Amino acid sequence: MDGLGRRVLVVAFDGWNDAGEAATSATALLKETGAYEPVFAVDPELYFDYQYTRPEMHAEPDGRRTLTWPDATVYRPSGRPRGTQLWLLTGVEPARAWKAFSAELVDVMLREDVTGLVALGSMMSDVPHTRPISVFAGSDNDRLRAALGVEKPSYEGPVGILSALSVAAEEAGIPTIGLWASVPHYVAGHTPSPKATLALLEKLEEITGTAVPRGDLAAQAATWEATIDAAAAEDDEMSEYIRQLEQARDTWDSPEASGDAIAREFERYLRRGGEGKPGRDDPRR
């Protein structure tokens with residue numbers, strides 16, 4: 001795992017970069033199944049627009065009601081875990097001051113001696129739910145591409161906070177890689193998408209060389225797929241559309257075409273504005 005080092009920050013944001021909640025579900029599982037403590041949290045007054053990302057009221061077990069504000073928080077593993085440490089940065093995509101937001105978080109990474117960054121994202125795509133979820137792995141860092149065998153992104157166009165933060169990290173000398181899962185666009189009503197979350201975690205384990213917990217995601221993914229199968233069985237038009245996507249995917253999966261096909265799908269998604277689950281994938285968030 002020479003490329004990313006031994007202290008790797010795994011990043012996911014709720015918003016435009018999180019179709020099917022696949023990316024934030026991945027970091028949530030890591031946090032729930034490990035021992036983590038907060039290191040730093042941004043001031044929400046500086047970066048969030050509460051008209052789009054509203055604070056939420058919650059009832060505590062003792063009957064008290066508390067207000068939770070949108071945030072972005074860095075977590076580190078508690079204790080002294082051996083081998084590669086997976087740190088976490090998770091929260092809501094900011095609505096403003098992206099340069100300051102990125103600079104503040106990069107300062108924290110440098111202070112905490114973070115050696116690499118993995119940005120997790122998910123996008124709605126023209127892919128079938130019946131096939132393995134594609135995960136595009138790319139980096140602008142020449143050394144990382146050589147060490148991990150990932151691709152160089154070629155996309156040009158509008159981006160989310162993951163790209164802004166990744167550029168800032170690279171400029172500060174922190175090698176960065178992006179992992180993007182393709183979520184079938186016609187399953188927007190079946191959220192979250194555990195199959196996409198599982199695919200991201202499997203790829204994360206592959207590139208970091210450290211064991212990543214999956215919880216019961218495999219069972220959840222099977223149930224998710226069976227639910228969509230049942231819905232498609234009652235809709236001839238949907239069934240035919242899925243069959244066409246399956247044929248296209250099987251063609252893309254040929255050795256000479258798979259990498260280019262995934263990259264093209266990624267670019268097509270971003271050019272049409274990141275169409276995803278209404279509300280949660282709004283680029284204003």
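Predicted model: local features only at pLDDT ≥ 70, side-chain atom pairs only at ≥ 80, totals over all residues.
Q: What does the secondary structure of the protein chain come to?
A: The chain has nine helices and nine strands. Among the helices are α1, residues 22–33, and α8, residues 236–252.

Q: How many of the residues count as buried?
A: Of the 285 residues, 49% count as buried. The chain exposes about 13300 Å², and carbon and sulfur atoms supply 49% of that area.

Q: Is Thr24 buried or exposed?
A: Buried means under 20% relative accessible area. Thr24 has 15% relative accessibility, so it counts as buried. Thr24 sits in helix α1, and its side chain makes a polar contact of 2.5 Å with that of Asp18. Beyond neighbours within four places in sequence, Thr24 is in contact with Ala12, Phe13, Asp14 and Asp18.

Q: Which residues touch the most other members of the largest nonpolar core?
A: In soluble globular proteins, nonpolar side chains tend to be buried together. Here the largest core has 42 residues, and those touching the most other members are Val118, Leu120, Ile177, Leu179, Leu200, Leu201 and Leu204. Helix α6, residues 194–208, gives the most to this core, with seven residues. Another core lies apart from it, with 30 residues, including Tyr47 and Trp87.

Q: What is Leu200 in contact with, leaving aside its neighbours within four places in sequence?
A: Its partners include Ala22, Ala23, Leu120, Leu179 and Trp180. For the chain, among contacts between residues at least 6 apart in sequence, 79% join residues at least 24 apart.

Q: How many salt bridges does the count come to?
A: The count is 11. In one of them, Lys195 pairs with Glu225, with the closest N and O atoms 2.8 Å apart. Lys195 lies in helix α6 and Glu225 in helix α7, so the pair ties together parts that are 30 residues apart in sequence. Lys195 counts as buried, at 12% relative accessibility.

Q: Which residue forms a salt bridge with Glu205?
A: Glu205 pairs with Arg214, the closest N and O atoms being 2.6 Å apart. Glu205 is partly exposed at 26%, and Arg214 is partly exposed at 25%.

Q: Which residues are linked in a network of salt bridges?
A: Glu37, Arg76, Arg111 and Glu112 are linked in this way.

Technical notes
Residues numbered from 1 in each chain as written. Heavy atoms only, no water. Helix = DSSP H or I, 4+ residues; strand = E, 2+ residues; numbered from the N terminus. Buried < 20%, exposed > 50% of the residue type's maximum accessible area, 1.4 Å probe, protein only. Contact = heavy atoms within 4.5 Å. Areas by Shrake-Rupley, 256 points an atom, 1.4 Å probe, with all protein chains shown as cover. Polar contact = N/O pair within 3.5 Å; in protein donor to acceptor, adjacent residues only side chain to side chain. Core = buried A, V, L, I, M, F, W, Y, C linked by side-chain atoms within 4.5 Å. Salt bridge = Lys/Arg side-chain N within 4 Å of Asp/Glu carboxyl O.
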